[in-house]
Amino acid sequence: MNQPTPEQLQIFLDIATEAAMEAGTILQAYWGKLETVEEKGRPGDLVTAADKDAEAAVLKVLRRHVPEHSILAEESGQIGDDNSEYLWAIDPLDGTTNYAHQYPIAAVSIGLLIAGMPQVGVIYNPFREELFRAAKGLGATRNRRPIQVSKTSDLSKSLLVSGFAYDRRETSDNNYAEFCYLTHLTQGVRRSGSASLDLADVACGRLDGYWERGLSPWDISAGIVLVEEAGGKVTAYNGSPLVIASGRILATNSQIHDNLSKELLQVPPLSSWK
Ligand code: IPD
Ligand code: CA
Ligand code: CA
């Protein structure tokens, strides 16, 4: 694989930005006007016309600029050659539950994996008009200004974020015990309902760390680039290299990484919270 030049990465970043802005306009247009909200399978796993139309807008932009690239989009699945070195991972509306309740924490998330590694990421929250962009070696920005992770080094002084996957009622590996334990050890653990914005908030230093399980590549690919380019660290729970397909991620400001990893590996059972 030939690593793209910085100029090529910048072009991909601008394509992702164009697509995210178009999708964001659609999310704004549907805001408060949804006629139906469907469940996709698991209880609470929602899909709306806004998800579908926003995804169609992203696909249209990508087809226009990079028709040779493959796509993995939440609502459409895999499009194009499985073996393509270029794979766009798209969540047209990350935070659908929030959106359906008119709770304005939701975003378009567009990542580009090159030979399996996330290298370009754009996350756009149209309700706060916050545009997060990053590409490997080019840094990370919020509304075009450089961002950096926080400097918090003490886990007990950190503010974290996490979330719960839609299979949470079907498995005891549902992150409830981790959430309680880390709430006890830190200044707090938030649950925003948008994995991509959780990663963006770690990247811009509002939050010090994020972990979650049961995630899909479209939830995290863009955010991984943001956190890494903002000076943070992204790994598996145990600190080993991240495997995106595992659905488990630990992303921090790098300072609290080892301690948070250690605590995640020794979470006491829920029954101990009496
Ligand atoms: C969900 C959000 C949420 C996370 C879930 C995701 P969706 O994505 O990112 O924060 O906890 O696991 O599935 O369904 O709103 O696109
Ligand atoms: Ca999502
Ligand atoms: Ca989604």
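Contact means heavy atoms within 4.5 Å. Helices (H or I, at least four residues) and strands (E, at least two) are DSSP runs, numbered from the N terminus. The model is predicted: local features need pLDDT of at least 70, side-chain atom pairs count only at pLDDT 80 or more, and totals for chains, interfaces and linings use all residues. Residues are numbered from 1 along each chain as its sequence is written, and side-chain values use heavy atoms, with hydrogens and water left out.

**View 1. Helix H4 and its cover.** Helix H4 spans residues 176-185. Its buried residues (under 20% relative accessible area; exposed is over 50%, partly exposed in between, with a 1.4 Å probe and protein chains only) are Ala-177, Glu-178, Phe-179, Tyr-181 and Leu-182. Their cover includes S11, S12, S13 and H7.

**View 2. The five-stranded sheet.** This open sheet has mixed pairing and the order S12-S11-S13-S15-S14. Strands S12 (188-190) and S14 (233-235) are the edge strands, each pairing on one side only. From one strand to the next, the twist averages 20°. Two strands pair if DSSP finds at least two bridges between them. S11 (residues 159-161) and S12 pair in the parallel sense over three bridges. Leu-160 stands opposite Val-189 in S12. Helix H5 lies across S11, S13 (209-212) and S15 (249-252), and runs at about 155° to S13. Axes are lines fitted to C-alpha atoms, for helices over the stretch in contact, and angles run from 0 to 180 degrees between N-to-C directions.

**View 3. The eight-stranded sheet.** Here the order is S4-S3-S5-S6-S7-S8-S9-S10, in an open sheet with mixed pairing. S4 (77-79) and S10 (145-146) stand at the edges with a single partner strand each, so one side of each has no neighbour in the sheet. Helix H1 (residues 6-30) packs on the sheet and touches S5 (86-94), S6 (107-114), S7 (117-125) and S8. The direction of H1 makes about 30° with that of S7. Helix H5 (residues 195-203) lies across S5, S6, S7 and S8, at about 100° to S7.

**View 4. Strand S5 and its partners.** S5 is mostly covered, with eight of its nine residues buried. S3 (residues 70-73) pairs with S5 in the parallel sense over four bridges. In that pair, Ser-70 stands opposite Leu-87 in S5. S5 and S6 run antiparallel and are joined by seven bridges. Asp-94 stands opposite Ala-107 in S6.

View 5. S8 (residues 130-135) and S9 (residues 139-142) pair in the antiparallel sense over four bridges. The bridge partner of Arg-133 in S9 is Thr-141. Asn-143 lies in the loop between S9 and S10, and Arg-144 has its place in that loop too. Most residues other than glycine have a negative phi. Asn-143, not a glycine, has a positive phi of about 45°. Arg-144, not a glycine either, has a positive phi of about 75°. Asn-143 is partly exposed, at a relative accessible area of 30%. Arg-144 counts as exposed, at 54% relative accessibility.

**View 6. A nonpolar surface patch.** Tyr-176, Leu-270 and Trp-273 form this patch, with about 250 Å² of accessible area together. Trp-273 is found in the segment after helix H7 (257-264). Trp-273 is partly exposed, with a relative accessible area of 32%. Patches are made of residues with over 30% relative accessible area and no salt bridge; like charges are joined within 9 Å, and nonpolar side chains (Val, Leu, Ile, Met, Phe, Trp, Tyr) within 5 Å. A salt bridge is a side-chain nitrogen of Lys or Arg within 4 Å of a carboxyl oxygen of Asp or Glu. Accessible areas come from the Shrake-Rupley method with a 1.4 Å probe; for residues, only the protein chains shown count as cover.

Terms used: Chains are lettered from A and ligands numbered from 1 in the order in which they are written.
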